[in-house]
Amino acid sequence: MSTRPADDAAASVAPTAGRIGFKRKAAAYLSLTKPRVVELLLVTTLPTMFFAQGGLPNFWTALATMIGGAFSAGSAGAFNCYLDRDMDRLMNRTKKRPLVTGELSPREALVFATLLGIAALAILWFGANPLAAGLGALAMFFYVVIYTMVLKRRTEQNIIWGGLAGCFPVLIAWAAVRETVEWPALVLFFIIFLWTPPHYWPLSMKYRTDYQNADVPMLGAVATAKTVSVQVVLYAWATVACSLLLIPLGWAGITYTGFAVVAGAWFIYESHVLYRRAQNESLTDKRAMKLFHLSILYLTLLFIGLWIDPFIGSPLMG
C-alpha cells in the first residue's frame with residue numbers, strides 16, 4: 001500500500017482552509033459524504049422496505065433506516081476521501097474535493113467521518129434493530145477497509161469486491177422491516193453486486209488517464225476497450241437474469257416483472273451497443289458515459305417496479 005501524506009503536507013496546499021465561511025464549510029462536509037452515491041443507495045433502500053413489508057412499512061422504522069443508511073454511506077464516503085486524499089490530488093475528476101482544495105483538514109474529515117459513523121449505527125440500532133446496525137457496520141467495513149485500503153490500489157477487480165458495500169443497503173432495509181435476511185433480500189443484494197461492474201467500468205474508461213496517473217488499476221484504465229466491453233456485456237446479462245429470480249421465488253408480481261424485463265432488455269441492448277463500438281474501435285468516451293448514466297436509470301426503474309409491486313396484483317408464482 002502506498003504511503004499517505006502527512007496532515008501538515010496536506011494543509012500546506014491550501015493555507016486558507018481555516019478561514020472559509022460557515023456555508024462553504026458546511027458544503028465541504030456535505031461533499032465529503034459523496035451525496036450522489038448516498039442518493040443512489042437510498043433509491044434501493046426505501047423500495048426494498050415496501051417490498052419486504054408487502055405494503056407500507058412502519059413510518060418511524062423507515063425514517064430511521066433511511067437516515068441511518070444515509071449516515072452510514074456518508075461516513076464511508078468521508079473515510080474514503082480521507083484515505084484517498086493523495087490520489088485525489090492527481091485526478092481531474094477528484095481534484096476539487098475538500099481535502100484537496102484545503103476547505104477541510106484531514107483531522108476535520110477524520111473526526112467527521114467517525115462521528116457520522118457512530119451516529120449511523122446508533123440510529124440503526126435504536127430506530128430499527130441490532131441486525132440492521134450490524135449490517136450497516138459491515139457495509140462501512142467493506143467500503144473503507146476491503147475496497148479503499150486493501151483492493152483499490154492492488155487489483156483491477158477492485159470494484160467487483162469493493163462494490164459489495166453498495167449492496168448492503170437492501171439487506172439493511174430488509175432486516176429493518178422483517179428482522180431477518182431472507183432469499184429475496186439476497187437476490188436484491190446480488191442484483192446490485194452484478195450491476196456495479198457494468199455501471200462503473202464505462203466511467204473508468206472515460207477517466208482512464210486519471211486512474212493511470214494515480215496508479216489505480218481500474219479495469220477501464222489497464223485493459224483495452226475491447227476487453228472491458230466483453231465484461232460489461234457478461235455482467236449486464238447476469239444482472240438482468242438475477243433480477244428475474246424474484247419471480248420463481250414467489251415474491252414478484254406483474255409490475256416488478258414488467259419493469260425488470262423492459263428495463264433489463266434496454267440495459268442489455270445498450271451494453272451490446274458499447275461492445276460493438278469497442279470491437280470496431282469506434283467507441284468514444286461520450287458513448288461509454290451513456291451506458292454509465294443508463295445503468296443508473298436501469299437500477300432506478302427496477303426499484304421503482306419493486307416499490308409499486310406490492311400494491312398491484314399478487315406474485316406470479318408460488
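Trainee: Where is the place of Leu90?

Mentor: In this predicted model, Leu90 sits in the loop between helix H5 (85-88) and helix H6 (98-101).

Trainee: Why is Leu90 called partly exposed?

Mentor: The relative accessible area of Leu90 is 46%. Buried requires a value under 20% and exposed a value over 50%, with partly exposed in between; Leu90 is therefore partly exposed.

Trainee: With which residues is Leu90 in contact, leaving aside its neighbours within four places in sequence?

Mentor: They are Asn213 and Ala214. Leu90 and Asn213 are 123 residues apart along the chain, and their C-alpha atoms are separated by 6.4 Å.

Trainee: What makes Asp215 count as exposed?

Mentor: Asp215 has a relative accessibility of 62%. Asp215 is located in the loop between helix H12 (208-213) and helix H13 (219-222).

Trainee: What is the phi of Asp215?

Mentor: Asp215 is not a glycine, and its phi is positive, near 60 degrees. Most residues other than glycine have a negative phi. Glu179 likewise has a positive phi, of about 60 degrees, without being a glycine.

Trainee: Is Glu179 buried or exposed?

Mentor: Glu179 is exposed, because its relative accessible area is 60% and the cut-off is over 50%. Glu179 belongs to the loop between helix H10 (168-178) and H11.

Trainee: How many helices and strands does the protein chain have, and how do you know that the chain is as compact as a globular protein of its length?

Mentor: The protein chain has 16 helices and 0 strands. Its radius of gyration is 20 Å, and the globule rule gives 20 Å for 318 residues; the two are close, so the chain is as compact as a globular protein of that length. Buried residues account for 53% of the 318 residues.

Trainee: Which residues have the most contacts inside the largest nonpolar core?

Mentor: That core has 75 residues, and those with the most contacts inside it are Phe168, Ile191, Trp201, Leu246, Tyr256, Phe267 and Phe303. Helix H11 (residues 183-206) gives the most to this core, namely 13 residues. Beyond its neighbours within four places in sequence, Ile191 is in contact with residues including Thr239, Cys242 and Tyr256. There is also a second, separate core of 14 residues; among them are Phe79, Cys81, Leu104 and Ala113.

Key
Residues are numbered from 1 along each chain as its sequence is written. This is a predicted model: local features need pLDDT of at least 70, side-chain atom pairs count only at pLDDT 80 or more; totals for chains, interfaces and linings use all residues. Side-chain values use heavy atoms; hydrogens and water are left out. Helices (H or I, at least four residues) and strands (E, at least two) are DSSP runs, numbered from the N terminus. The radius of gyration is taken over C-alpha atoms; the globule rule is 2.2 Å times the number of residues to the power 0.38. Buried means under 20% relative accessible area, exposed over 50%, partly exposed in between (1.4 Å probe, protein chains only). A nonpolar core is a set of buried Ala, Val, Leu, Ile, Met, Phe, Trp, Tyr and Cys residues joined through side-chain atoms within 4.5 Å. Contact means heavy atoms within 4.5 Å.
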